[in-house]
Structure formats: C-alpha cells, structure tokens
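Trainee: Could we go through this structure together? I would like to begin with the strands and then turn to the helices.

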Amino acid sequence: MSGRDLLCQPRRIRRGAALTLVFASVLVAGAATGSFSESDRKSASGTARSAVPAGHHEDVAKAAEEAMADGKSPMEAAERAVSRSGDRWGAVYSQGDYEEFEEALDGQYTGVGLWARRERDGRIEVTKVAAGSPAAAAGLHPGDRLRSVDGERVDGQPVTEVVSLLRGDATDAPAGTAVRLGLQRGTRAWTETLRRALLSTDSVTVRKLADGVTVIKIAAFTKGSGDVVGTAVRQAPVGAGIVLDLRGNSGGLVTEAVTTASAFLDGGLVATYDVNGEQQALHADPGADTTRPLVALVDGGTMSAAELLTGALQDRGRAVVVGSRTFGKGSVQMPSRLPGGSVAELTVGHYRTPSGRSVDGRGITPDLDVEQADGPRALQRAETVLSGLGDAD
C-alpha cells in the first residue's frame with residue numbers, strides 16, 4: 001500500500017466521501033486508515049503514481065482545472081468527477097482538512113481536549129477531559145453539559161457537528177485561537193473561553209485485568225503506536241495472555257500496523273498489496289514471542305489497516321479472532337494535489353492477507369462469533385478463550 005487510505009472525519013463531510021469517514025475517538029481527532037508514513041509514502045510514490053490509471057486521476061484534475069478557469073469551485077468539480085468515476089472510496093478534501101489528517105496520523109490534533117457524547121434527550125455531555133489540555137486547565141469535568149460553542153447551541157446536533165464547531169476551520173482556527181463554550185454543571189450555567197492547543201492523541205491504552213490478562217486497546221494506528229504495543233507486550237506478565245482489542249479501530253498508518261504485527265509474529269508475511277497489478281509485500285520483523293496466548297477482538301468498526309493486522313494474525317495461526325465480521329475495507333488510495341490546493345484520494349489497488357484472502361467488501365470472519373461484539377460480554381468471551389489457550393499450552 002504505497003499511499004494513504006484515509007478514513008477519517010473532516011470538519012465538513014464532502015459529498016461522495018461519507019462512507020469513508022469515521023471517528024477514532026469522539027471530539028479528539030479523526031484517524032486515517034491504511035496510510036504509510038510520510039517518508040515511506042515518498043519512497044514509494046513514484047512507483048505507485050506511475051501505476052495509477054491515468055484517466056482516473058487526469059479526469060479529476062482536468063475537471064478541477066476547467067472549473068477554476070471558469071471561475072467555479074475546482075473542489076466541487078473534482079467531487080463530481082470522483083462521483084462519476086464509480087470509485088467507492090475516492091474522495092476530495094480541502095487543503096485544510098488534509099493538513100488535519102496529516103496531524104492525526106502524527107498522533108496530534110488541534111482542539112481543547114474533550115470527549116463527549118449525545119444523550120437520548122439530545123444533550124451533549126462531556127465524558128472525558130484530556131490531562132494537560134485547555135479543557136482540563138479550565139476545570140471542566142466529565143458530566144458537564146456542553147450547551148453552545150461560540151454562541152451556537154449544540155443540543156440535538158450530531159457529535160460530528162459539535163466537533164466541527166470545537167475545532168473550527170482548519171485554515172483559520174489553529175492552535176492559539178479562542179473558542180467560547182457555554183457550559184452547565186447541575187444548576188450552574190456559565191461561559192468559558194478556551195484557546196485551542198496542539199494536543200497528542202492516546203491511540204493505545206493498556207490495562208491489566210485481575211487474572212493477569214493484559215488488554216491492549218488500539219483506537220487507531222498513529223505514529224509510534226506500534227512501539228507502544230511492543231513495549232506493552234514485553235512488560236506483560238510472563239506467560240500471561242493478551243487481548244488485542246481492535247474494535248472500532250478505523251485503521252491508520254500501515255507501517256504502524258506492521259510494527260504491531262512484529263510484536264506477535266517472528267518475522268514473515270503480514271500482507272501483500274497491488275497497485276494496478278504490481279505486487280508488493282509487507283513483512284514483520286523477527287524476534288517476537290510467539291508462544292504467548294493471544295486473542296484479537298474485532299467488530300464491524302474494525303477497518304483497513306486493523307483488518308490487515310487481524311488477517312495476518314488469523315492466517316498465520318497466531319491469534320484466535322473473537323467478535324463480529326469486520327468492516328471490509330481493503331483498498332488502497334493515493335493522494336494527488338489538484339488545482340486550487342485540494343487533494344483527491346483515488347483508489348489504485350487492494351491488499352490481501354498472507355493466505356491470499358481479499359478483505360475489500362468481505363471483511364474478516366472471526367473464529368468465534370459474539371453477539372454485540374462492541375459490548376463488555378465480548379471481552380469476557382475473549383478472556384474465556386485465552387484461559388483455554390493457556391491450558392492448551
């Protein structure tokens with residue numbers, strides 16, 4: 001996969017791209033799926049770009065160029081061209097949105113440090129406040145109600161729209177810009193002005209259960225997440241099982257997914273991918289402990305690079321996969337800059353698991369299917385499976 005396969009949530013959803021947009025964590029940062037790091041992308045971009053169907057990219061670029069010459073929106077013209085092409089995962093992003101995605105891949109985002117959810121009655125409630133963030137410095141707490149952002153009421157709005165308001169426009173709301181929040185705690189209502197900051201995402205969380213099992217939750221494969229997973233595995237109790245929780249993981253940097261695979265596989269094939277028929281392979285580094293019991297926990301929100309990792313662990317007999325069928329996003333996109341500064345992400349190929357399975361449109365079927373795989377019972381089933389694997393050893 002010699003390019004990006006962005007599956008993230010921009011501030012303003014573009015027509016034709018809605019299927020490709022998902023949140024890795026609410027009110028924090030979108031995560032991209034199936035992307036290489038900047039240096040890896042540069043080293044491979046020449047080969048990939050030469051293999052791209054010329055008509056596909058050229059038609060989109062031509063539409064943007066003609067629109068700009070006519071005084072019309074080049075971005076809207078490019079979106080129409082992508083829609084006509086039938087490219088299911090193709091999308092066009094503004095320059096500002098694309099820069100945000102680059103930040104997200106680096107494990108950073110510009111914001112105030114809030115997680116939130118919409119309650120049944122439409123209220124927006126803060127569920128978590130990032131330590132060291134502007135929201136934390138202002139004394140915001142989980143349970144606080146967010147009533148407005150810069151004077152606009154947010155009750156009843158989708159959380160995605162609230163994110164757009166909190167983070168502002170990519171080009172005119174960088175770190176340091178102010179955002180005014182209307183808040184309520186119990187009967188107290190007040191207004192707080194915060195300044196956005198460049199914050200780090202916590203895409204990997206690690207916790208140990210009472211029975212010694214280590215649960216490693218990966219929300220997205222951002223820069224450095226593979227090394228965090230490797231450290232967590234090395235620090236886990238000797239012989240104890242690991243649950244690799246990939247539920248809701250929308251993907252991320254492919255290189256980080258491969259690094260994560262290297263924490264569990266002693267070298268060997270992780271996946272193959274093609275760019276218009278030209279085959280490439282991704283391999284794990286040698287040296288991992290392959291005897292430790294491992295369960296991969298997945299659901300319908302497990303996508304792209306996370307599916308690539310799951311398929312490798314399943315095909316090579318390294319993990320028992322528990323949960324529900326994954327999303328089925330196995331295509332490769334490459335970016336190209338358009339007249340006017342926007343960026344088109346167009347499909348150029350697909351990847352396959354070590355046994356040659358195609359993921360795109362099919363997903364990965366777990367070894368053990370669990371109803372409501374996104375709930376707590378799925379983790380309980382994973383622990384049960386781990387106990388059996390330990391006994392077998």
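Trainee: How many bridges join strand S17 to strand S18, and do they run parallel or antiparallel?

Mentor: This is a predicted model. In it, S17 (residues 294–298) and S18 (residues 320–323) run parallel and are joined by four bridges. Within that pair, Val-295 stands opposite Val-320 of S18.

Trainee: Which strands make up the open sheet, and in what order?

Mentor: The open sheet has six strands in the order S12-S13-S14-S17-S18-S21, and the pairing is mixed.

Trainee: Which strands stand at the edges?

Mentor: The edges are taken by S12 (204–208) and S21 (368–369). Each has a single partner strand, so one side of each is left without a neighbour in the sheet.

Trainee: Changing topic, which strands does helix H7 lie across?

Mentor: H7 lies across S12, S13 (214–218) and S14 (242–245). Relative to S12, H7 runs at about 10 degrees.

Trainee: At what angle do H7 and H8 pack, and how far apart are their axes?

Mentor: H7 (residues 225–235) and H8 (residues 254–261) pack at an angle of about 15 degrees, and their axes are 7 Å apart. Angles under 35 degrees count as roughly parallel, and the two helices are therefore roughly parallel to each other. The crossing of H7 past H8 is right-handed.

Trainee: Which residues make the contact?

Mentor: H7 contributes Ser-225, Gly-226, Asp-227 and Val-229, while H8 contributes Glu-256, Thr-259 and Thr-260.

Trainee: And how many of them are nonpolar, polar or charged?

Mentor: The contact of H7 with H8 has four polar residues, two charged residues and one nonpolar residue.

Notes:
Residues are numbered from 1 along each chain as its sequence is written. This is a predicted model: local features need pLDDT of at least 70, side-chain atom pairs count only at pLDDT 80 or more; totals for chains, interfaces and linings use all residues. Side-chain values use heavy atoms; hydrogens and water are left out. Axes are lines fitted to C-alpha atoms, for helices over the stretch in contact, and angles run from 0 to 180 degrees between N-to-C directions. Angles under 35 degrees count as roughly parallel, over 145 as roughly antiparallel, 65 to 115 as roughly perpendicular and the rest as oblique. A crossing is left-handed if the near helix is turned anticlockwise from the far one by less than a right angle, and right-handed if clockwise. Contact means heavy atoms within 4.5 Å. Ala, Val, Leu, Ile, Met, Phe, Trp, Tyr, Cys and Pro count as nonpolar, Asp, Glu, Lys and Arg as charged, and the others, Gly among them, as polar. Two strands pair if DSSP finds at least two bridges between them.
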